[in-house]
Amino acid sequence: MGFVRNAWYVAGWSHDFGDELKPLTIVDQKIVLFRASDGNLVALEDRCPHKLLPLSKGKRIGDTVQCGYHGMTFGTDGRCVRVPGQDNLPKSAYVDTYPVEERHGIVWVWTGDPEKADPASIFDMPEFSDPNWHCHHGDALHLKANYLNVAENLVDPAHVSFVHPTTLGSAASEDVPVHVSTSGETIAAWRWIRNAPPVGFFQKFGGFDGNVDRWHYYYLHMPSTAVIDFGSVDAGLNLPEEDRDQGVRIFALHFVTPVTDDYTIDHWMHLRNTAVGDESASEQMDAMFRIAFAEDKEVLEAIEIEEKRPQKRKPIRIAIDKGPNVYRKRIRDLVDAEATEDLGEPERPTFVQHD
Amino acid sequence: MGFVRNAWYVAGWSHDFGDELKPLTIVDQKIVLFRASDGNLVALEDRCPHKLLPLSKGKRIGDTVQCGYHGMTFGTDGRCVRVPGQDNLPKSAYVDTYPVEERHGIVWVWTGDPEKADPASIFDMPEFSDPNWHCHHGDALHLKANYLNVAENLVDPAHVSFVHPTTLGSAASEDVPVHVSTSGETIAAWRWIRNAPPVGFFQKFGGFDGNVDRWHYYYLHMPSTAVIDFGSVDAGLNLPEEDRDQGVRIFALHFVTPVTDDYTIDHWMHLRNTAVGDESASEQMDAMFRIAFAEDKEVLEAIEIEEKRPQKRKPIRIAIDKGPNVYRKRIRDLVDAEATEDLGEPERPTFVQHD
Amino acid sequence: MGFVRNAWYVAGWSHDFGDELKPLTIVDQKIVLFRASDGNLVALEDRCPHKLLPLSKGKRIGDTVQCGYHGMTFGTDGRCVRVPGQDNLPKSAYVDTYPVEERHGIVWVWTGDPEKADPASIFDMPEFSDPNWHCHHGDALHLKANYLNVAENLVDPAHVSFVHPTTLGSAASEDVPVHVSTSGETIAAWRWIRNAPPVGFFQKFGGFDGNVDRWHYYYLHMPSTAVIDFGSVDAGLNLPEEDRDQGVRIFALHFVTPVTDDYTIDHWMHLRNTAVGDESASEQMDAMFRIAFAEDKEVLEAIEIEEKRPQKRKPIRIAIDKGPNVYRKRIRDLVDAEATEDLGEPERPTFVQHD
């Protein structure tokens, strides 16, 4: 159904970008990124307006980019500063620029109308800056799948029992109902599995002996940033929902970036209130996450293939689909609004509060 | 021109299927097969009606199949028996089932209207059960080619001289005319090459010293089961056509299964009245058949590519095309009849008798 | 925009073709070439009119070609001489033939109306037969790119400074204007870079100590034969344009053959007035050319991908585009003329004289 263009999407981690010209594609737009001499990132349309060669095939001359075919050269503002063999610079000689911002080691690119790009609307959460929390950047998972299927998976706690039985889920949660609510541009889907054995992840990292209360809160911020708040605590404590910080708590963040209609990159990382400063724990968690996300990838890529095949009848919808359904409807509304150019200023996504 | 759907197609040999969920595609329908606890084969639509994940990506729970995404579970009758997270089972929660039968180690799936599936119409011949005949299952030949081109090759004795000169044919047969007749849903094309040196196959397996009379009878049963009755006998005996059992006689069977419009699997095997019980002979024959069928594959895949290119003029038809032409016309009639839903009960294919 | 069909295109070097059936594609037509028993090349439509199998999958029987499927056999004039299994030869049993000529070790095929094929119009130049000039055949460069982009690159001296800075160009030429003229069916684009250090190629092969005068004359003969006349001479001599033979002079020839809409083969070779008879020099030059042409290939294939993506705005045109623009316009006129069948006899391409 197309893309939300007036949005900040994650292009990568800060350490992915340096002096060199780095090409990437977001919502079907080819973009070249590089770090200018002042350390700031620059994002330009990755296509020379002359013969269409990607500028990333050219080279940097100071803070300008020279096309590798005939040497047309562009500044960080996208304006052409040189056309070899002539003195005048045609007005049409420019490339688009993209607003780009860095926050907490994450690089965000705005793909819509630059006038509407508000850095204050970039996803943030206080734990990024809290010394009691450990922040660890993970990988970029590449999926041959439409971004909607990837993102809806991240507002869907129910799949965990079946897709990730050895890591993040277990049979104990199979029939626990999922609650769903919305707030601003965020959908929340959550459930508690009370008084059950810890799942693989918390066996390894929680040090739990007996049964735990386990929670899964999935927050999906429009268009495609997911925060999965999950954790465990001794079942005996009977922890109230709002006191989750007293348990072992993880925020798994997924920044879902649509590349093309059938290709998506999920940059994933986490924040945690346990093993703070312990990079060995980070690596072990990454190893476990990689197992789990490879399971998602297999499911989502198989679905992508099936969705392109002829369909005899409409897919059915079941109770646990509420989060995904609300998500798809909201994206459709946003895409439609952009198509009719009636989109107002996007509101800052806010966390849903359940207290 | 599409597929005949009201038909039994070969899914594989009995030994190809066990406890595990095995995905396959027949006439563009994805099907998952497994052997239930009672030993019977079950064939289900390989697509969960919820998010379309192939059920073959899930797992068996007893004789049910659980989807690998959200755990929806289906019985051998295709009905959903469980939707995790809810008590009610929606009426639309089902997958199609396919009639499936085993005969002589061959697995047949009916891809059309289940009401019309008559196990009595499955291809059979008395030699399967005759102790004087040796039955040997071969391979599955995969071809990037439309099934019509594969099947018409099996009612076309004329190609053998040119495509298989070292194994099944020789120059002696190049200009021998081909006879064609039809009977019920079977087309027969045949010729005798009298008093000629034996071809490679019968040099090796017939033990012939001098010239032989050699026959080729191609029976193509609608929609795509071929029986190639070929053999040799000492030329001096002047064997009448109906006494072919007195020579060295082979029935090469080809079960041509359309996978998609441009992909076909040919399961091939044979019955023979020589070297009965000699598995070493079977292996040597398979080796020779593999050479020959690789030659067919090269031809048929090259034609598939050419047929998709622009055509300056209509292909020409020649005398030896009679069998293929009758075949294509009959398939077109069957496909058209199904399209208009006027197809009556398919008649049981019968062998053509030429005595 | 399609192909000019009434033209001689290069199929390869003479040594590429022998007794065997060699398939190739020119302007989307599949052609099989072989050398008949009299040594002359034969070019036939590479598709049997019966079942469409490429004749190159068959075999030669003397100077005829026998189809590998049912043995239909064609003479060097394209007429069918045998249909196995029948006596009569249908009138429609033929394949197209293509006029084919060899000149100086180069094989040319005419892809248009055979009536219009005039061998006198095949590209030639006196240096081929001049003992003071060394003729060396190079490689066939395969490009996943439309032929227009490949050919326009060969009437575009301006790209050399940026695409080939270590071999054929240097920064000294970046802003030197390009002159363009046309004469008959040839476009010329040229410039002199006076009193500059020699580029990599002439450092290696010219033996120059100090600054040189360097020239680049690009002649593009319709539809896609390019002659790049380039060379250097001591700057002190102040050589007039017409006395280029007194310098170290190379004619780099590029025979650009459209294969399909997005695939092109560039057969390249050269003539030179230095290191005559020195095959070691030829090899060293080839090594340098291969570096340069791999640079072109990377640029042209990247552009091919971009041109197929959606375009937000029209590409801009700049001063150095004059040659390419004239070329594209002329090709469009030729293609349009052929489409309306008003094309008269193609005139023989002539060299532009600038004296």
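Chain B can be laid on chain A by a turn of 120° and a shift of 0.1 Å along the axis, with an RMSD of 0.0 Å; copies are superposed by least squares on the C-alpha atoms of residues with pLDDT of at least 70 in both. The two copies are thus related as by a three-fold rotation axis. This is a predicted model, in which local features need pLDDT of at least 70 and side-chain atom pairs count only at pLDDT 80 or more, while totals for chains, interfaces and linings use all residues. Residues are numbered from 1 along each chain as its sequence is written, and chains are lettered from A and ligands numbered from 1 in the order in which they are written.

**Rotation axis**
- Of the residues of chain B, B:K308 comes closest to the rotation axis, at 13 Å (C-alpha).

**Chain C against chain A**
- In this pair, 19 residues of chain C are in contact (C-beta atoms, placed from the backbone, within 7 Å) with 19 residues of chain A.
- On the side of chain C that touches chain A, α2 (160–163) and α4 (279–307) of chain C each supply at least two residues.
- α4(C) gives the most to that side, with five residues; helices are DSSP runs of H or I with at least four residues, strands are runs of E with at least two, and both are numbered from the N terminus.

**Domains of chain A**
- The domain assignment (automatic or from a database) gives domain 1 (8–116) and domain 2 (123–339) of chain A.
- The C-alpha centres of domain 1 and domain 2 of chain A lie 33 Å apart.
- 11 residues of domain 1 of chain A are in contact with 11 residues of domain 2 of chain A.
- β1 (8–13) and β2 (22–26) of chain A each supply at least two residues of the domain 1 side, and the largest share, four residues, comes from β1(A).

How values were computed. Contact = placed C-beta atoms within 7 Å.
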